[in-house]
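Dear colleague,

Please find the structure below. My notes on what was found in it follow.

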Amino acid sequence: MTGTAAPFVADDYRARMERAARSAAEAGLAGLLVAPGPDLVWLTGYAPTAVTERLTLLVLAPGQDPVLVVPTLEAPDAAKAAGASALILRDWTDGKDPYAATAALLGADGRFGISDNAWAMHLLGLQKALPGTSYASLTEALPMLRAVKDPAELELLAAAGAAADATFEEIRKVPFGGRRESEVAADLADLLRRFGHSQVDFTIVASGPNGANPHHEVGDRVIERGDMVVLDFGGLKDGYGSDTSRTVHVGEPTDEERRVHDLVRAAQEAGFRAVRPGVPCQEVDRAARAVIAGAGYGEYFIHRTGHGIGVTTHEPPYMIEGEEQPLVPGMCFSVEPGVYLPGRFGVRIEDIVTVTKDGGRRLNDTTREMVIVD
């Protein structure tokens, strides 16, 4: 399970850019300005080797050819991107004004969506060049831009999920008791890479009382017999993300530990069962949360039920109260309820789920039952 295959070709990127431009127009925007980052990779296949103070910006507008503004010294690399033939490259040299060059591509008084991670100096430079323009972050203006995956993307996400599953099947075989959290985390990272991940984003190993912190930073605590251990790990394989959580126990659990684990498993199942087209995202959160609250543990479920995943491991849509965005076939997101008892232990169970035409499909298939480790 290795390799860094890029399955997308220029026509795929052309279709994405055309769809993005249409979505911008439907949202009342004059166009989109996309800085280096996940949106640029998704739209063009181009990821600069280094992001510097020099302006790189993709300009998309309805009825216009896509234009990628790049520094001259980086133009050869940009021209090699998989989507380069679907756009126009416009380079600028040091000593010239990149904002004037970009302003010539924009309307003098339009409202534009701009990448969340665009540098402030670049946004301010554009505003100075075009004082009549205004801007909205892409997350605000087009939160669903990358949310619905095509079949090829779903295949890559499924492969990333399978690699994460293979990692869990191996990690459950290693010794836990008497080892530091950091040692088990290193094992997780090594396994993710062995099963094809090019990038490891996180390897949470939260043992005993540390498990009550959902985003515990791995430390030097020695894992003890009798500990509950939350494992949460993922990254990118062939450009698409994995993210899964399982909670294991070192030796036999207490009745309470088993009861809480069973509760979280039931909540996770309820969240999964709520997934179907047309259902608002918040209903997934409500379904999982109702199970935990009904058992008297509601105050200990302290985060949203899920987040989207794609070319990044966290992106829209979010499974949270107040999010009324309807689920659409092709959306992919986590379903990950948890219970966190301060000073004692925590439990989280997480799968990536994709919306199908009549329900949902899990992209993680390892057991959700209590796993006993040594």
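The structure holds 25 salt bridges, a salt bridge being a side-chain nitrogen of Lys or Arg within 4 Å of a carboxyl oxygen of Asp or Glu. The model is a predicted one, in which local features need pLDDT of at least 70 and side-chain atom pairs count only at pLDDT 80 or more, while totals for chains, interfaces and linings use all residues. Residues are numbered from 1 along each chain as its sequence is written, and side-chain values use heavy atoms, with hydrogens and water left out.

Salt bridges

Arg 246, Glu 269, Arg 273, Asp 351, Arg 362 and Arg 368 are linked in a network of salt bridges. Asp 187 pairs with Arg 179, with 2.9 Å between the closest N and O atoms. Another salt bridge joins the side chains of Glu 336 and Arg 348 (3.8 Å, N to O). Glu 336 lies in the loop between E13 and E14 and Arg 348 in strand E15 (residues 345-348), so this pair ties together parts that are 12 residues apart in sequence. Helices (H or I, at least four residues) and strands (E, at least two) are DSSP runs, numbered from the N terminus. Both Glu 336 and Arg 348 are buried, where buried means under 20% relative accessible area, exposed over 50%, and partly exposed in between (1.4 Å probe, protein chains only). Arg 172 and Glu 169 also meet through their side chains in a salt bridge (3.4 Å, N to O). Arg 172 counts as partly exposed because its relative accessibility is 31%; Glu 169 is partly exposed as well, at 32%.

Nonpolar cores and a surface patch

The largest nonpolar core has 34 residues, and those with the most contacts inside it are Met 17, Leu 32, Leu 43, Leu 58, Leu 60, Leu 68 and Tyr 240. A nonpolar core is a set of buried Ala, Val, Leu, Ile, Met, Phe, Trp, Tyr and Cys residues joined through side-chain atoms within 4.5 Å. Among the elements that each supply at least two residues of this core are helix H1 (10-26), strand E1 (31-34) and helix H7 (151-171). H1 gives the largest share, 4 residues. Apart from this core lies another, of 22 residues, among them Ala 166, Ile 171, Ala 185 and Leu 188.

On the surface, Val 51, Trp 119 and Met 121 form a nonpolar patch with about 280 Å² of accessible area together. Patches are made of residues with over 30% relative accessible area and no salt bridge, like charges being joined within 9 Å and nonpolar side chains (Val, Leu, Ile, Met, Phe, Trp, Tyr) within 5 Å. The areas come from the Shrake-Rupley method with a 1.4 Å probe; for residues, only the protein chains shown count as cover. Val 51 is found in the loop between H2 and E2.

The 14 residues of helix H10 (residues 281-294) should span 20 Å at 1.5 Å a residue, and the end C-alpha atoms are 21 Å apart, which agrees. The expected span is 1.5 Å times one less than the number of residues. The buried residues of H10 are Cys 281, Gln 282, Val 284, Asp 285, Ala 288 and Ile 292. H10 is followed by Gly 296, which has a positive phi, near 90°.

Gly 308 belongs to strand E11 (residues 306-308) and is buried, with a relative accessible area of 0%. Gly 308 and Cys 332 are 24 residues apart in sequence, yet 5.7 Å apart in space, C-alpha to C-alpha.

Kind regards
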